[in-house]
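User: I'm new to this one and would like to learn how to read it. Could you walk me through a residue and the helix around it?

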Amino acid sequence: MRVLGIDPGIATLGYGVVEYKNNKFFPIAYGAITTDAGVDKAFRLYTLYKGLEDIIKLYRPEIVAIEELFYNKNSKTVITIGEVRGISILAAVNLGVKVYEYTPLQVKQAVVGYGRAEKQQVQQMVKVLLNLDEIPKPDDVADALAVAICHCHSNNMLERLGYGR
């Protein structure tokens with residue numbers, strides 16, 4: 001199974017493509033799509049959309065896993081992240097890729113085994129599970145890889161319970 005994990009952000013959108021075979025993870029590609037703060041928000045969203053579209057076409061994931069929005073005190077941030085999530089979901093659906101969403105708690109639970117794990121613990125486990133030399137930077141990239149890993153673990157559990165994908 002090939003999964004594209006996404007950590008949505010307007011300035012930095014992290015992505016990570018992971019192959020999961022025989023209970024082993026293989027990192028295919030990871031990085032970030034960035035936009036500049038001084039640019040019109042509509043153009044920033046378009047840039048993120050086109051970047052994700054290119055990544056999906058290039059790496060052909062079967063699944064896109066995206067982090068769900070968590071509560072933030074800044075309502076402007078919540079709205080903007082919601083817009084980024086929207087264009088991310090749209091890019092996947094327009095290219096015929098199924099989308100799954102996971103909360104930060106679910107991601108931490110799947111990657112570390114503890115839903116209240118610290119960010120550094122999650123990043124370290126991403127490094128270990130993907131057999132990387134170092135923790136991917138910026139943090140958004142490691143977070144996106146964690147979301148992809150979360151889907152693989154969640155899907156694996158569903159298949160063992162007889163539910164499939």
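Analyst: Let's start with contacts, meaning heavy atoms within 4.5 Å. Leaving aside neighbours within four places in sequence, Thr80 is in contact with Ile10 and Lys41. Keep in mind that this is a predicted model, where local features need pLDDT of at least 70, side-chain atom pairs count only at pLDDT 80 or more, and totals for chains, interfaces and linings use all residues. Residues are numbered from 1 along each chain as its sequence is written, and side-chain values use heavy atoms, with hydrogens and water left out.

User: Is Thr80 buried or exposed?

Analyst: Buried means under 20% relative accessible area, exposed over 50%, and partly exposed in between (1.4 Å probe, protein chains only). Thr80 has 11%, so it is buried.

User: Which helix is Thr80 found in?

Analyst: Helices are DSSP runs (H or I, at least four residues), as are strands (E, at least two), numbered from the N terminus. Thr80 sits in helix 2, residues 75-94.

User: How do I read the sides of a helix?

Analyst: An α-helix has 3.6 residues a turn, so residues three or four places apart point the same way. In helix 2, the buried residues are Thr80, Ile81, Val84, Arg85, Ile87, Ser88, Ala91 and Ala92. They cover an arc of only 165 degrees around the axis (taken from the directions from the helix axis to the C-beta atoms), so they lie on the same side of helix 2. On the other side, Ser75, Lys76 and Ile79 are exposed.

User: What do the buried residues of helix 2 pack against?

Analyst: Their partners are strand 1 (2-7), strand 2 (12-21), helix 1 (41-59), strand 4 (63-67) and strand 5 (98-102).
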